[in-house]
Amino acid sequence: GIVMLIPHTFHEDDHTYRVEGEYVLSTSAVIELCGMSDMSQVPSENLRWASARGTAVHLAVEAYETYRDPIEAINDFCLLNDIDVSETATARFKLYEKWRDQHEVVLAGKMEIPRVYRHVGNELLIGATLDMPCFIDGALTILDLKTCHPQYGEKLKTLRLKWNAQTWSYAEALEADDDFWGDNPKIQPQRMVLHLHEDCGKTGVKGEALGYKEHIFNDDF
């Protein structure tokens, strides 16, 4: 079936997508329903802090990739939202810069565009906001940035399942966006989660951590 984008309004304050006369599930709500993400035990203040840190890093990266001042973007966000995550967000952004030095990155359209598409098969409306469609070393990539603590073992497996599902939903949303593709043929983008944290990307037991780790999902979900 042909996947198409559905006209909607996006409400920034509570991150909801609304379509006249229908219910829209966000990608993160779908993932919670599948039992891959349970935030109910995390104190709301911690969630607010982590969410603010993530948003500030996104804004810094967006500023960097559009030739504006990333640190200013972080500080403006902190002032506007009355939360001071500038130190931690700046540190994570520096790790992005470190990764970025190794790659050629070109944005493929705007970052953080909310899209709603009808899922083929169950006909549900899904709302998805992609971080960053871009070309990494020439390959079309759906890039998603994460700033959480690294996980290991079974917890990492669960996290990777969640990231796979999340970026898969983003790929479906992008495929449905005819304006994005224009006259170009639709291709399956690679999907990558770039995890930014000072403990990420350790080489060996004693090795120094890179501060970033690429999680690439190419297979069909």
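Biologist: Which helices and strands do the buried residues of H2 pack against?

Modeller: This is a predicted model: local features need pLDDT of at least 70, side-chain atom pairs count only at pLDDT 80 or more, and totals for chains, interfaces and linings use all residues. Numbering runs from 1 along each chain as its sequence is written, and side-chain values use heavy atoms, without hydrogens and water. Helices (H or I, at least four residues) and strands (E, at least two) are DSSP runs numbered from the N terminus, and contact means heavy atoms within 4.5 Å. The buried residues of H2, including Ala52 and His58, pack against H3, H4, S4, S7, S8 and S9.

Biologist: Is leucine 47 buried, partly exposed or exposed?

Modeller: Leucine 47 lies in helix H2. Buried means under 20% relative accessible area, exposed over 50% and partly exposed in between (1.4 Å probe, protein chains only). Because its relative accessibility is 32%, leucine 47 counts as partly exposed.

Biologist: What distance does H2 reach from its first C-alpha to its last?

Modeller: H2 covers residues 44-65, 22 residues in total.

Biologist: Which residue of S6 is the bridge partner of serine 26?

Modeller: Strands pair if DSSP finds at least two bridges between them. S3 and S6 run parallel and are joined by three bridges, within an open sheet of order S3-S6-S5. In S6, the partner of serine 26 is glycine 127.

Key: Expected span 1.5 Å × (residues − 1).
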